[in-house]
Amino acid sequence: MKFRAVMVDTGPMREFTNIVSTISKLSKECVLRLSTEKLYFIVSEDNSGPSPPMLWCEIPQDTFFSEYQIVGVDDEYRDIYLGLVSANLSKSLATLKTAKCLKMKLTKKQCPCLTLEIETPSSTSQQTRQVTHDIPVIVIPRKLWSEFHEPRIPQPDMSIELPALKQLRTTIDRMKGMCPEVVIRASAEGRLTLQIKTDMAKVSTRFKDLRVMAFEGPIDHSDSETETQTIEDISKTCYCRVDTKKFSMFLSADQISHNATVCSIVNKKLVILCLQTEENVKLQCFITGIVY
Amino acid sequence: MKCLIPGPNVKVLGRTIHALARFGDELYLESSPEAILLRTLNASESAYAMVKFNKVFFSYFNYNYFSAKDQEGLKCKISMKSALHAFKSPTHMDKQVENLEIRLDAESCKLIFIIKCKHGIVKTHFVSILDCKAMQAVYTKDLVHNRITSSQKILSEALGNFQSSDDQVNIEVNTESLILRNYVDSSMDLSKVIRTQISIKSAEFDTYVIGRETVITFTIKEFRALLAFAEALNLPLQLHFEVTGKPVVFIVHNNTTFEAHFVLATTKSDTPTQTSASQNSTITDRKRKEMGFNSNSVRKKPNLDVDVSKCLDEDSHLFDYIEMPIDIINAQNNDCSNKDISQSIIQENVDCDNIPPSPTSKMKIKTIFKRCFESTFDPRSIRGSVLAENSDSE
């Protein structure tokens, strides 16, 4: 098993740091899957702390690394799965924003380690200095790989573009203090509503004129409570009730410079938030709906 | 004693107090005809700091203001917390404070800080004196092999790479470069700690003189405090050190006005006992650790062996006795006619052999079961009486 990768451009290095730091905010532990084409950061529901959202992040290696070598266990199992503490990785990469070069290696130094060799320029002279971090990792055996496959999800009823994440985050952070659950409602007319209800108040924020990416026919609301608005054609709206904290956690991803963020809703069951960057990084977050 | 400190210098004093507060809980103040000295020692007595403010630092300085008879100068010990109260925010102090007056009267039991701020505000702090003793550490800074002068930035940038949970730093020096590592204790779980290593080329430092290659380990907390101090005052930092086990001295000075010495104890190898067997074991211990840090440092091993054994040799000179040349003793032993003298010589010789071991009370507890963990340990070698029964299997 061998892995070696080199990063030299400042743009990707900054991007990579942001991605890792976002992931470290979402979860204590994560799985890094290395394959010949892509790097995957996977956070699954069971193996991590107080039920963070499930996360799937794909990073294409060719846009980030100038050199990338990987040798798996054998020809059949070419990938490498590593379990690591996400904060360890993000703290070690904190100095990467000013670095000249990053080398990532899989090493065995008493225990398996992901070794980061960072070359940073000196602030006082022309010299460079070499910083080496050995981050302990756990090599995940093949029989457990199946736990980290991309989650199979039902066809979403609607996919709608999200407004600017920063704006959305300030809204959600206010709501988070008031109510642990938020109802996300999307309509085929391009309207997104965030709604919370407390004993004292009902707060809803509407975002209009958003692009609807996909809409799969009229939505069956036959089993739902009848108090929904009658002004709108309810067959054209779908909704999902989710944990406000989890939703807010995903929104911390706004530090990654992104092209588009799409919110897909499986009516009442699941919200999928997907962030895509120019470098084809795809960060997906799966938040299961709360049903009473 | 009475002295006046102008506004800009109050900030320097404030920074000093804050740096010293990260060392110890008590502050020793001593006045002399030429200067004021501030000292502190940490609780475990492994870190000591001394800052000397010369006469020119003050706008008015009179060390025997209250009684002309007292030529010795005054000494006092105050609690660090109360000193901190007087210097709450050193960053803004130069803007708010016009001057600071410090008064110490031999008759009184209070040390008085009078801070004159802008807009005619006067703050007076009466600080209780806990003791009238002075404290001084003995260390050498001038006769050492290794001296490095570094811009304050280099080392603090390097320390930025370490985790906040790291508590000891290990510095390895050779003629080409200085390597900083976080020290990983053998008791730590390796699968949980990040091991970090930073190598800085010697060319980055202002001066870099290494007389003897060595590896020293000391606490990171005090190191951070003194780096913050050097950085706040924008002054370079001098490192003077010898080998492991001897203190490392950091010096920050501004030629004429003040000079700060920070002395940190460096950790010695695990066992300070002086039997040859344990010497060997410590060397292998260190070797093992060294391997852990850097798997490709094999070529450094021989150097390390020499270093450690040298330092252990030196340490055995902790007590004063003069070794008699053996051949003279033998010659005199053989000479029976001079019985009295030979008797006395033998007596002396015996004394020399019965050197009491150096006090190791703190470390002893760690080394009780040491042999069991040695790689060469053979359980068959201890036969006979069982000192302690095996505990229950559950």
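**Interfaces of chain B in the predicted complex**

About 2,000 Å² is buried between chain B and chain A, with carbon and sulfur atoms giving 44% of this area; buried area is the accessible area (1.4 Å probe) that two parts lose on being put together, summed over both. The structure is a predicted model, in which local features need pLDDT of at least 70 and side-chain atom pairs count only at pLDDT 80 or more, while totals for chains, interfaces and linings use all residues. Residues are numbered from 1 along each chain as its sequence is written, chains are lettered from A in the order in which they are written, and side-chain values use heavy atoms, hydrogens and water being left out.

The predictor assigns the complex an ipTM of 0.77 and a pTM of 0.70. Contact between the chains (heavy atoms within 4.5 Å) involves 24 residues of chain B and 22 residues of chain A. On the side of chain B, the most area is lost by B:I194, B:R195 and B:E204, together 29% of what that side buries. Two salt bridges are found across this interface, the criterion being a side-chain nitrogen of Lys or Arg within 4 Å of a carboxyl oxygen of Asp or Glu. B:E204 forms a salt bridge with A:R129, with the closest N and O atoms 2.8 Å apart. By class, the side of chain B that touches chain A comprises nine nonpolar, nine polar and six charged residues; Ala, Val, Leu, Ile, Met, Phe, Trp, Tyr, Cys and Pro count as nonpolar, Asp, Glu, Lys and Arg as charged, and the others, Gly among them, as polar.

Within chain B, an automatic or database domain assignment gives domain 1 (2-128) and domain 2 (146-287). The C-alpha centres of these domains of chain B lie 30 Å apart, and 19 residues from each of domain 1 and domain 2 take part in the contact. The area buried between the two domains of chain B is about 1,600 Å², 64% of it from carbon and sulfur atoms. B:R22, B:F23 and B:M50 supply 32% of the area that domain 1 buries against domain 2, more than any other three residues. The count of salt bridges between these domains of chain B is zero.

Where pLDDT is low, the predicted coordinates should not be read in detail.
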